[in-house]
Amino acid sequence: GIAGIVAARARSGSRTWEVSHLFLAKDDDANHVNLLATLSQSVARRGGERIFARLLSDDPLVDLAMRCGFTPSGHELLYRGRWKPAPPLPPVAVRKKTAADDHGLFRLYGACTPQEARLTSGMTFGQWSASKERTRGRSQEYVLERDGEVRGWLKTIRRFGDGMMLVMVHPKEEPAAALIDYGLERLRAHARIFCLVQDHQTLVQNAMWQRGFEVESEYVTLV
């Protein structure tokens, strides 16, 4: 019988991949370890350096993946809620992202991300660029600027009738709430809005909580 199925796809470059599908039968750890090892070898033959896997924090597969050599890289909270009118906040300099912003975003990533996470997900600009996730659905990216420096990043995604936000703000950037309201305003037509937030992005977490969003699930990313 089939003990499991695993599939992977490249992210933004052939050096970085992610597990896209993982179906494993119960109580067959030996075959599961061999399956993940075979996947790693296959990716390596294609020039891959890293494989990412996002799992629910309480999924038993987390321990299995770690036995196969995967290392925890970060934790995320998935917030769920809906748009509600918010009191006006001071305007912030938000504009659409361009290719010229990539190095500024890399510096923002370095300021926001703990060193242990950067060691596993990418320390150089090339590693970071290759590790960026591709999202499905209609999306748009924005950046928040202050004094010529990128201090925040927002991505809005529309898929299957739902809205989704990804947000990254500098740990000393107080107008984080204004950037989030900017994204919520653009997704206001959707009955459900989700926001995936890294656990070290406390400013974003506080802003989501203040807007009535609740944590639906918690995830761990392994590399």
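Contact is taken here to mean heavy atoms within 4.5 Å. In this predicted model, Glu18 touches Ala7, Ala8, Arg9, Arg11, Ile51, Phe52 and Glu133 under that criterion, once residues up to four places away in sequence are not counted. Glu18 is found in strand β2, and because residues under 20% relative accessible area are classed as buried, Glu18, with a value of 7%, falls into that class.

Strands of a sheet pair through backbone hydrogen bonds, either parallel or antiparallel. Strand β4, which covers residues 72-81, runs antiparallel to β9 and is joined to it by 6 bridges; within this pair, Tyr79 has Cys195 of β9 as its bridge partner.

Helix α6 spans residues 176-186 and is mostly covered, with 8 of its 11 residues buried. The buried residues of α6 are Ala176, Ala177, Ala178, Leu179, Ile180, Asp181, Gly183 and Leu184. Their cover includes the strands β5 (93-96), β6, β7, β8 and β9 (193-198), together with helix α7 (202-210). One of these residues, Ile180, is buried with a relative accessible area of 0%. When its neighbours within four places in sequence are left aside, Ile180 is in contact with Met165, Val167, Val204, Ala207, Met208 and Arg211. The C-alpha atom of Ile180 is separated by 9.4 Å from that of Leu166, a residue 14 places apart from it along the chain.

Helix α3, which comprises residues 102-112, has Asp102, Gly104, Leu105, Phe106, Leu108, Tyr109 and Cys112 as its buried residues. These residues pack against the helices α4 (115-121) and α5 (125-131), and also against the strands β6 (138-146), β7 (149-159) and β8 (162-169).

Strand β7 is itself mostly covered, since 8 of its 11 residues are buried. On one side, β7 is joined to β6 by 9 bridges in an antiparallel arrangement, and in this pairing Glu145 stands opposite Val150 of β7. Strand β7 is also joined to β8 by 8 bridges, again with the two strands running antiparallel, and here Gly152 has Val169 of β8 as its bridge partner.

Most residues other than glycine have a negative phi. In the hairpin of β6 and β7, however, where 2 residues lie between the strands, Asp147 takes a positive phi near 55°. Asp147 lies in the loop between β6 and β7 and is exposed, with a relative accessible area of 79%. The hairpin formed by β7 and β8 likewise has 2 residues between its strands, and Phe160 in the turn has a positive phi of about 55°, although Phe160 is not a glycine. Located in the loop between β7 and β8, Phe160 counts as exposed at 75% relative accessibility.

A further feature of the surface is a nonpolar patch of about 360 Å², made by Ile2, Ile5 and Phe23. Of these residues, Ile2 is found in the segment before β1 (4-13) and is exposed, with a relative accessible area of 69%.

Notes
Residues numbered from 1 in each chain as written. Predicted model: local features only at pLDDT ≥ 70, side-chain atom pairs only at ≥ 80, totals over all residues. Heavy atoms only, no water. Patch = residues over 30% accessible without salt bridge, like charges linked within 9 Å, V, L, I, M, F, W, Y side chains within 5 Å. Areas by Shrake-Rupley, 256 points an atom, 1.4 Å probe, with all protein chains shown as cover. Salt bridge = Lys/Arg side-chain N within 4 Å of Asp/Glu carboxyl O. Helix = DSSP H or I, 4+ residues; strand = E, 2+ residues; numbered from the N terminus. Buried < 20%, exposed > 50% of the residue type's maximum accessible area, 1.4 Å probe, protein only. Pairing = 2+ DSSP bridges.
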